[in-house]
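I opened this notebook to record what I looked up in one structure. The entries follow in the order I made them.

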Amino acid sequence: MRFIPGIFRVLKDTTWPSRKRRWKDFIAVLEYTIFFTIVIFLFDQLISTGIVSLLNLF
């Protein structure tokens, strides 16, 4: 039953980022999320417009 004390030892030995670093990481995650959301949205619009134009040909 040394599992639980081992968990606390690992958490104690872990180096955690500073407050400033956490904010930089959080902002970086937001930037990537916004970027890929826009890319996926534009790709979806491009595909749906292409499919609709193909359907209008027939």
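How much accessible surface does the protein chain have, and what share of it belongs to carbon and sulfur atoms? I noted about 6,100 Å², with 73% belonging to carbon and sulfur atoms; accessible areas come from the Shrake-Rupley method with a 1.4 Å probe, and for residues only the protein chains shown count as cover.

Basis. I am working from a predicted model, in which local features need pLDDT of at least 70 and side-chain atom pairs count only at pLDDT 80 or more, while totals for chains, interfaces and linings use all residues. Residues are numbered from 1 along each chain as its sequence is written, and side-chain values use heavy atoms, with hydrogens and water left out.

Overall form. I looked up the secondary structure and found two helices and zero strands (DSSP runs numbered from the N terminus, H or I of at least four residues for helices, E of at least two for strands). The radius of gyration is 23 Å, whereas a compact globule of 58 residues would be near 10 Å (taken over C-alpha atoms; the globule rule is 2.2 Å times the number of residues to the power 0.38). The C-alpha atoms fill a box of roughly 70 × 35 × 10 Å along the principal axes. I found that buried residues make up 0% of the 58 (buried is under 20% relative accessible area, exposed over 50%, partly exposed in between, with a 1.4 Å probe and protein chains only).

Aromatic pairs. I found two (rings of Phe, Tyr and Trp, for Trp the six-membered ring, with centres within 6.5 Å; planes under 30 degrees apart are stacked, over 60 edge-to-face, the rest tilted). Trp-23 and Phe-26 have ring centres 5.8 Å apart and planes at 85°, so I list the pair as edge-to-face. These two residues are three apart in helix 2 (residues 19-57), about one helical turn. Phe-35 and Phe-36 also pair edge-to-face, at 5.1 Å between centres and 75° between planes. Phe-35 is partly exposed at 48%, as is Phe-36 at 44%.

Salt bridge. I found one (a side-chain nitrogen of Lys or Arg within 4 Å of a carboxyl oxygen of Asp or Glu). Arg-21 and Asp-25 meet at 2.9 Å, N to O. Both lie in helix 2, four residues apart.
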